[in-house]
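Please open the model in your viewer and keep the sequence panel beside it. The tour below moves from one selection to the next and says what is to be found at each stop.

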Amino acid sequence: MTDSAPIEWTLRDAGSAAIALLSQVMDAAFDSAFGEAWTAVQCLGILDMPGVWLTLGAPAGEEGAESASGFALARVIVDEAELLLIGVRPHYRRHGLGGTLLRHVMASARKRGARHLHLEVRHGNPAATLYQAAGFTQVGRRPGYYRGADGTLFDALSLSVPLD
């Protein structure tokens, strides 16, 4: 794949049966230095809860059961939605998959009755530019929320966007 080649993305819903694939993408997407990835047990624990959905993304034609280039995990409770996790394999970054997943989560949350979508992101995480481009604004800050592998603490920024 070249940096200039446009990619058509295919998204599909998945559940707990995709936990191994989700874990593979998460391990590739999240830098272990920041402690942001969830364990398979944590993911399984939330996947079966009401209002939670998992979306996998892959290049069109590569969307088989054992293929994913990125994912988004989100939930809706009453009229509030939360993007719990989103990740894209490094090789596929800057090709539109993160934005495609984010827009899909926003549309899905809206269809499920959510009026706002919330998320938390580590201060300094490059993904913050994706969220800003989608209209998210900072509504809070959690000092020392993330603990890196070396014990360093990182603030979490709480972001929100209206969906109506």
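## The paired strands

Begin by selecting residues 52–59, which make up strand E2, together with E3, and you will see two strands that pair in the antiparallel sense over six bridges. Here strands (E, at least two residues) and helices (H or I, at least four) are DSSP runs numbered from the N terminus, and two strands are said to pair if DSSP finds at least two bridges between them. This is a predicted model, in which local features need pLDDT of at least 70 and side-chain atom pairs count only at pLDDT 80 or more, while totals for chains, interfaces and linings use all residues. Residues are numbered from 1 along each chain as its sequence is written, and side-chain values use heavy atoms, with hydrogens and water left out.

Within this pair, pick Trp 53, which stands opposite Ala 74 in E3. Keep Ala 74 selected and look towards E4, where Leu 83 stands opposite Ala 74.

Ile 77 stands opposite Glu 80 in E4. E3 and E4 form a hairpin with two residues between them, and Val 78 in that turn has a positive phi of about 55 degrees.

How enclosed are these two strands? Six of the eight residues of E3 are buried, so E3 is largely enclosed by the rest of the structure; buried means under 20% relative accessible area, exposed means over 50%, and partly exposed lies in between (1.4 Å probe, protein chains only). In strand E4 (residues 80–88), seven of the nine residues are buried, so E4 too is largely enclosed by the rest of the structure.

Next, select residues 116–122, which form strand E5; three bridges join E5 to E4, and the two strands run parallel. The bridge partner of Glu 80 in E5 is His 116. Follow the chain from E4 through helix H3 (residues 97–111) to E5, and you trace a β-α-β crossover that is right-handed, a term used when, with the strands pointing away from the viewer, the path from the first strand over the helix to the second runs clockwise.

## Charged pairs

Turn now to the salt bridges, of which the structure holds five; each is a side-chain nitrogen of Lys or Arg within 4 Å of a carboxyl oxygen of Asp or Glu.

Select Arg 122 and Glu 36, whose side chains meet in a salt bridge (2.7 Å, N to O). This pair links distant parts of the chain, with Arg 122 in strand E5 and Glu 36 in the loop between helix H1 (19–29) and helix H2 (40–47), 86 residues apart. Arg 122 is buried, with a relative accessible area of 8%, and Glu 36 is also buried, at 14%.

Arg 75 is partly exposed, with a relative accessible area of 22%, and Glu 82 counts as partly exposed at 27%.

## The whole chain

Finally, zoom out to view the protein, which has four helices and seven strands. Read along the sequence, they follow the pattern β-α-α-β-β-β-α-β-α-β-β. Of the 164 residues, 43% count as buried.
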